Amino acid sequence: MNTFLSAKNLKFSYINNMEEPPVKTEVLHGISLDIKKGEFVAVLGHNGSGKSTLAKCFNAINTADEGEVFSCGYDASKEENLLPIRQRVGMVFQNPDNQIVATIVEEDVAFALENMGVEPEEIRRRVDEALKTVDMYEYREHAPHKLSGGQKQRVAIAGIIAMKPECVLLDEPTAMLDPKGRAEVMKTVKMLNEEMGVTIVLITHYMDEAAQAERIVVVDSGNIVMDDVPKKIFSQVEKMKSLGLDVPQVTELIWGLRQEGYDLPEDIITEDECFEALLGLLKPDVKE
Amino acid sequence: MLKDITIGQFFPGHSIIHRLDPRVKLILTIAFIVMLFMAGSFYGLAVGMAFVLLSFALSGIPFRMMLKSLRPIMPILIFTAVLNIFFIKTGDVWFHWRFITITQNGVVSAVFIIIRIVGLIVGSSLLTYTTSPIQLTDAIERLFAPIKPLRRPVHDLAMMMTIALRFIPTLIEETDKIMAAQKARGADMESGNLVKKARALVPIFVPLIVSSFKRAMELALAMECRCYHGGEGRTRMKQMKTSLRDYASLALTAVFIAGVVFADKLGPKVF
């Protein structure tokens with residue numbers, strides 16, 4: 001079976017019990033989505049579009065009101081499947097401070113394994129391995145609050161990959177980081193996907209991060225409105241803007257130039273491609 | 001000012017003290033406290049203090065940390081000293097003016113008690129300096145394991161302690177940020193009488209509490225994502241093993257306690 005995460009006609013509502021009578025707000029209006037094993041999918045959408053809610057449904061934190069969700073073959077609506085799903089589908093959140101439980105890096109990475117009841121020697125081995133994978137091994141005895149944001153987030157990722165999950169859901173993992181921290185985290189995420197074959201679902205606001213994915217899913221007010229490879233998504237500049245989203249800076253630049261009548265390809269999403277295209281435009285004779 | 005709080009701080013290291021079994025360390029700390037209270041003369045006290053200094057030297061913790069741990073208890077020290085000096089009226093009178101009488105016994109007992117309190121604080125902070133909070137709560141969990149059948153939630157309490165200690169630095173940082181933010185909006189926290197100052201703290205504590213709740217929700221979610229489901233079936237990465245050095249340190253402490261008792265017989269009793 002090739003489909004790894006799947007949702008069929010998924011509906012989900014939050015219930016606000018503070019009001020009388022309780023107010024029900026439907027956040028996901030029947031989403032169907034299949035994610036294959038080993039894929040790197042970016043999920044875009046402006047605030048409140050339901051993208052985090054969707055991710056939490058795959059991790060069995062949210063239970064669907066209607067429709068069905070399967071994570072690596074387990075039915076996410078069944079109580080007894082909670083732990084198997086969470087072992088296989090790890091989740092990293094936005095604020096690294098609020099997901100680190102222990103006061104020492106290595107003890108935090110061990111947390112999930114201790115919960116799973118893994119043997120002590122095996123825990124030690126996997127913790128070291130996970131810390132080396134995210135390149136934080138030499139910080140294993142440090143206190144988390146003394147690390148930088150990017151380092152903390154890598155520790156959080158190590159805590160997840162120590163479980164050896166088949167999929168990692170990242171909910172805006174770089175939103176609170178500086179550019180250096182963002183680059184570190186993205187490098188780790190790409191490495192997980194390419195070298196370890198982990199399925200990645202990356203929720204983000206940064207278009208240059210989304211451009212690195214194999215596939216982009218755009219969510220708008222609880223529905224999937226676009227689902228394609230990055231080049232196809234970002235070439236629809238007007239549609240993205242109408243959804244309140246950006247495109248990578250280089251794509252916008254090329255789009256602007258095309259509006260002015262320059263002859264450029266419309267599917268440029270990386271700086272290198274942009275550089276080549278502009279070079280070709282400025283010095284047609286150099287481009288042999 | 002908030003940065004001075006050293007409670008629950010841990011300094012990772014590999015000294016012999018760091019490597020002691022945390023359960024043994026906990027027992028030793030309690031034994032050490034008993035030892036200091038047994039000491040009734042300056043000789044006995046000197047033996048007890050020698051024990052503290054020896055442990056501190058072995059732990060490799062910088063000496064200034066010892067002084068730092070004393071800073072918050074300065075008011076208590078001064079208060080106790082003043083009480084002892086002015087209210088003990090036995091012994092040779094050294095100074096007398098109207099109703100103020102300072103006697104030899106008063107001064108001697110003030111010095112004695114200050115040394116004892118300093119020893120207590122320094123010795124017990126050595127425990128948290130050299131033991132990571134998780135190990136410490138683990139040790140508490142194991143030592144109290146015998147009362148688990150009485151349906152006491154030992155694991156849950158230990159987990160709560162760990163999280164509390166983990167969040168001390170985070171919340172201190174946040175308090176600093178909120179204070180700066182409120183000051184930037186013109187909040188005045190320094191002037192006025194006590195009531196006014198206390199009122200000025202409200203705009204700091206309200207956001208702090210609100211954000212703590214948010215943090216707690218997020219942390220709970222992250223813990224659930226990492227398969228946390230209570231203490232049942234949990235294993236630990238760091239196993240606790242008592243080794244030769246644990247027995248050696250127990251023996252050494254016993255020798256020191258005997259030393260205190262013996263030294264007390266030699267010197268004049270203060271208490």
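Q: Two strands pair if DSSP finds at least two bridges between them; in this predicted model, over how many bridges do β7(A) and strand β8 of chain A pair?
A: Strand β7 of chain A covers residues 167–171, and β8 of chain A covers residues 199–203. One of the bridges between them has A:Asp171 as partner of A:Ile203 in β8(A). The two strands pair in the parallel sense, and the number of bridges is five.

Q: Which strands are the edge strands of the open sheet of six strands in chain A?
A: The order of this open sheet is β6-β7-β8-β3-β9-β10 (chain A), and its pairing is mixed. From one strand to the next, the twist averages 20 degrees. An edge strand here pairs on one side only, and the strands in that position are β6 and β10 (223–228) of chain A.

Q: Which strands are at the edge of the open sheet of four strands in chain A?
A: The order of this sheet is β2-β1-β4-β5 (chain A), with antiparallel pairing. Within it, strand β1 (residues 3–16) and strand β4 (residues 66–71) of chain A pair over five bridges. A:Leu5 stands opposite A:Ser71 in β4(A), while A:Lys11 has A:Glu66 as its bridge partner in that strand. The strands that pair on one side only are β2 (23–36) and β5 (74–75) of chain A.

Q: Which residue takes a positive phi in the hairpin of β4(A) and β5(A)?
A: Strands β4(A) and β5(A) run antiparallel and are joined by two bridges. In one of these, A:Ser71 is the bridge partner of A:Tyr74 in β5(A). The hairpin has two residues between its strands, and the residue with a positive phi, near 40 degrees, is A:Cys72.

Q: At about what angle to β1(A) does helix α1 of chain A run?
A: Helix α1 of chain A consists of residues 51–58. This helix lies across three strands of chain A, namely β1, β2 and β4. Relative to β1(A), its direction is at about 120 degrees.

Q: Is A:Ala60 buried or exposed?
A: A:Ala60 is found in the loop between α1 and β4 of chain A. Its phi is near 65 degrees, a positive value in a residue other than glycine, whereas most residues other than glycine have a negative phi. Because 25 other C-beta atoms lie within 10 Å, and 20 or more count as burial, A:Ala60 is buried.

Q: How many other C-beta atoms are within 10 Å of A:Lys164?
A: A:Lys164 is found in the loop between α5 (149–161) and β7 of chain A. Phi of A:Lys164 is also positive for a residue other than glycine, near 55 degrees. This lysine is partly exposed, and the number of other C-beta atoms within 10 Å is 15.

Q: How far apart are the axes of α3(A) and α5(A)?
A: In this contact, A:Val105, A:Asp108, A:Val109, A:Phe111 and A:Ala112 in α3(A) meet A:Val155, A:Ala158 and A:Gly159 in α5(A). These residues divide into six nonpolar, one polar and one charged. The crossing is right-handed. The helices pack at an angle of about 35 degrees, and the distance between their axes is 7 Å.

Q: Which element supplies the largest share of the side of chain A that touches chain B?
A: The contact involves 34 residues of chain A and 29 residues of chain B. On the side of chain A, α2 (82–88), β6 (89–92), α3 (105–116) and α4 (120–133) each supply at least two residues. By class, that side has 16 nonpolar, 11 polar and seven charged residues. The largest share, seven residues, comes from α3(A).

Q: What length does helix α6 of chain B reach from its first C-alpha to its last?
A: Helix α6 of chain B has 27 residues, 104–130. Among its buried residues are B:Gly106, B:Gly119, B:Val122 and B:Tyr129. The cover over the buried residues includes α2 (22–38), α3 (42–59) and β2 (100–103) of chain B. Close to the expected value, the length reached is 39 Å.

Methods:
Residues are numbered from 1 along each chain as its sequence is written. Chains are lettered from A and ligands numbered from 1 in the order in which they are written. This is a predicted model: local features need pLDDT of at least 70, side-chain atom pairs count only at pLDDT 80 or more; totals for chains, interfaces and linings use all residues. Two strands pair if DSSP finds at least two bridges between them. Two residues are in contact if their C-beta atoms, placed from the backbone, lie within 7 Å. Axes are lines fitted to C-alpha atoms, for helices over the stretch in contact, and angles run from 0 to 180 degrees between N-to-C directions. The expected span of a helix is 1.5 Å times one less than its number of residues. A residue is buried if 20 or more other C-beta atoms lie within 10 Å of its own, exposed if 12 or fewer, and partly exposed in between; C-beta atoms are placed from the backbone. Ala, Val, Leu, Ile, Met, Phe, Trp, Tyr, Cys and Pro count as nonpolar, Asp, Glu, Lys and Arg as charged, and the others, Gly among them, as polar. A crossing is left-handed if the near helix is turned anticlockwise from the far one by less than a right angle, and right-handed if clockwise.
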